[in-house]
Amino acid sequence: MAAGSKTRSMLEGLVREGSFKWLLGRRSPFYEEFEEMDNSPSGGKNFIPELSPIANIIVRRCSKILAVSSSELQGSFNAEASDFIKHPSRYARNFLEYCCFRALALSTQVMGHLADKKFRRLTFDMMVAWEVPASSNQPLHNSDEDISVGLEAFARLAPAVPIIANVIISENLFEALTSSTGGRLHFFVYDKYLNGLERAMKKMKSQSESSLLSPFRSARGEKILEVDGTVTTQPVLEHVGISTWPGRLILTDHALYFEPLRVVSYDKPKRYDLADDLQQVVKPELTGLWGTRLFDKAVSYKSISLSEPVVIELPALKGHTRRDYWLAIIQEILYVHRFINKFHIMGVERDEALSKAVLGILRMQAIQEINSSSPVHFESLLMFNLCDQLPGGDLILETLANMSTSRELDRTNNSAAGSQTYSISALATVSNLGFMFGSSLTNPSETGLVVGEVAVGEMSLLEKAVKESRDNYQKVLQAQGSVDEVKVDGIDTNLALMKELLVPLMEVGNGLLSLLNWDDPRKSLIFCLLSTFIICRGWLSYAFALMLLFVAAFMMLTRCFNQERRVYEIKVIAPPPMNTMEQLLAVQNAISQVEQHIQDGNIVLLKFRALLLSIFPKASEKFVITLLCTALILAFVPIKYIVLLTFLETFTRYSPPRKPSTERWMRRLREWWFSIPAAPVILERETEDKKRK
């Protein structure tokens, strides 16, 4: 009793001294609750000294939802949490997370909780309190207009309600929400986003409960996620071969359907499966009149079940945002089923994975609605799309699969049921919103489905994998930025740059050619004797290893001595600029040279064809004898001696004693090669009938 009176006196003293002037000055949204807390007889008793005023208010709200007092919540936390989580430096924030996760897990069990304005305000105020959890923290805002939350608070608490955010895409989602508010999330934007989520959920629910495609969806219990092509101003066209049909495009959580439009109704839908492993390829495609590739507004679907790819065109007056949206959501469903098939995920965990993909599509629809004027990067808001792009994204999916397996084991052993230190799962959230997925007909919370992806006071394995992947992604972006900076235009300029970069290799090559041509007999002899000794002793592998060690030592020494020095740019003498006519002549010359090289390559292949098929027996006889001798050498001579003989024959070819005989034998070899006729070739032109087919 004395302790309660002391706490209450301290609370009243803070008010008198003006410590809460930021709350009382301009009618903060916490004002009424603070006055109620101040006037309540149990206010001092439930005031926790370690927490800031805002955190105390949030804990008080959570205690009302859980029907327990703040002190009882603190006692439960002290009993359940480990010593690491209860460390004084992080006690306030971890206790606040504990209260928030427990309250959210109970609040999200109410049907239609997303439409509740009190629930929306609660989730936002939880993020506000998370930024200033301890009593030593000073708030940075004076009124509701000033209140905002940062990335860290959003990424930590928003995934606790899976329909609002996801651990993997939370940072990208925050960037999309705060693109116009300077990197801070305000409540009016947050509330607008949740309104969009609610409308997207109702739209998806009404579409799935309709009779649309009901005979085709009933077998797998498919849910309709998106429909397009019902408005005449936004048609959808299907291209198969040279035929084109308008129609209606429908995406479910298992397949893509296209209903061709007839005179007054739709024909039987065509089904393009996304769930089974049919080696599907979904990618952007170009379309145009009479088979031309002009407009980047289509999606191509290809699988082993189809004889030829199907192209779905989504026309738009400006840009290809409509196509990008459909491409992203189709790929998301395809990728989630690849994830399920790869890791053999079954039962409730399979429905959980599908729920994650579907919630991602809902979030993207909500973002698209509130950011209609600015472009949206669709792939960055869908977790399976993002994992396909991020470096280490496969490790994120592997971690997700391992978490699913461990949850399955925990549910089987009933070891984690009732845990209060984790957030709620995606499947439980969807079911509590009145929307069931997959084959599960029971409520996941009743079957003991454990938890979501966020734990109190620590980073989960998934969060660690995501953080590592994002760090690597930042390195990739930095590297890509340097790559974009050094790109130059023009064939002649790029050739000049390549020539400058290859100078060290060219110098090494020229040195080897000098040794091979015996320009300096003394150096060539020393190199020949040393190489022969290495080959005879079987040290060739050690020689290559020593070369690699030399390169590694050179790199380490360069790193040590050049740490504080600036990187010197490569200076390239740019070739003189060419006018249009000179550029055309240069291109024509390059094409002519390429054509000449291709012709020479074809002649070589035709001559080998003539030799192998003995089209000209006299030319083939010498070739056969050469092959027989080579085969006998390979069969009976040890490989070490073959390497030695090959090296000596090649390296001493232009030595002073052998140079005359080498020139004579090379002349005979060229004469023999030029005497071989090429195999005959007949060119047939494709007839008009074949083209039409």
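Buried means a relative accessible area under 20%, exposed means over 50%, and partly exposed lies in between (1.4 Å probe, protein chains only). The model is predicted, so local features need pLDDT of at least 70 and side-chain atom pairs count only at pLDDT 80 or more, while totals for chains, interfaces and linings use all residues. Residues are numbered from 1 along each chain as its sequence is written, and side-chain values use heavy atoms, with hydrogens and water left out.

**Exercise 1. The chain as a whole**

State how many helices and strands the chain has, and what share of its residues is buried.

Solution. 
Step 1. Helices (H or I, at least four residues) and strands (E, at least two) are DSSP runs, numbered from the N terminus. The chain has 27 helices and 10 strands.
Step 2. The chain has 693 residues, and 41% of them count as buried.
Step 3. Contact means heavy atoms within 4.5 Å. Among contacts between residues at least 6 apart in sequence, 64% join residues at least 24 apart.

**Exercise 2. Two aromatic pairs**

Classify the ring pairs F339 with F384 and F608 with W673, and decide for each residue whether it is buried, partly exposed or exposed.

Solution. 
Step 1. A pair of aromatic rings is described by the distance of the centres and the angle of the planes. Rings of Phe, Tyr and Trp (its six-membered ring) pair if their centres lie within 6.5 Å; planes under 30 degrees apart count as stacked, over 60 as edge-to-face and the rest as tilted. The structure holds 19 such pairs.
Step 2. The ring centres of F339 and F384 are 5.5 Å apart and the planes stand at 45°, so this pair is tilted. F339 is in helix α13 and F384 in helix α15, 45 residues apart, and the pair links distant parts of the chain.
Step 3. F339 has a relative accessible area of 4% and is therefore buried. F384, at 2%, counts as buried.
Step 4. F608 and W673 are also a tilted pair, with 5.6 Å centre to centre and 55° between the planes. F608 lies in helix α23 (residues 580–612) and W673 in helix α26 (residues 659–674), so the pair ties together parts 65 residues apart in sequence.
Step 5. F608, at 35% relative accessibility, counts as partly exposed. W673, at 23%, counts as partly exposed.

**Exercise 3. The largest nonpolar core**

Find which residues have the most contacts inside the largest nonpolar core, and list the contacts of F154.

Solution. 
Step 1. A nonpolar core is a set of buried Ala, Val, Leu, Ile, Met, Phe, Trp, Tyr and Cys residues joined through side-chain atoms within 4.5 Å. The largest one has 118 residues, and those with the most contacts inside it are F95, F154 and Y193.
Step 2. Helix α13 (residues 321–342) gives the most to this core, with 12 residues.
Step 3. Leaving aside neighbours within four places in sequence, F154 is in contact with M127, P159, A165, S170, L173, F174, L177, L185 and Y190.
Step 4. F95 also belongs to an aromatic cluster with F77, Y91 and Y98.

**Exercise 4. The largest pocket**

Describe the volume and lining of the largest pocket.

Solution. 
Step 1. On a 1 Å grid over the protein atoms alone, a cavity is a set of points where a 1.4 Å probe fits but cannot get out, and a pocket is an open set with protein on both sides within 12 Å along at least five of seven lines; lining residues have an atom within 4 Å of a point.
Step 2. Grid points are joined across faces, edges and corners, and a volume is the space filled by probe spheres set on the points. The volume here is about 760 Å³.
Step 3. The lining has 28 residues, of which A155, S170, E171, K467 and R470 lie nearest the centre. Among the elements that give two or more residues are α7 (91–107) and α9 (151–157). α18 gives the most, with 8 residues.
Step 4. Ala, Val, Leu, Ile, Met, Phe, Trp, Tyr, Cys and Pro count as nonpolar, Asp, Glu, Lys and Arg as charged, and the others, Gly among them, as polar. The lining has 10 nonpolar, 7 polar and 11 charged residues.
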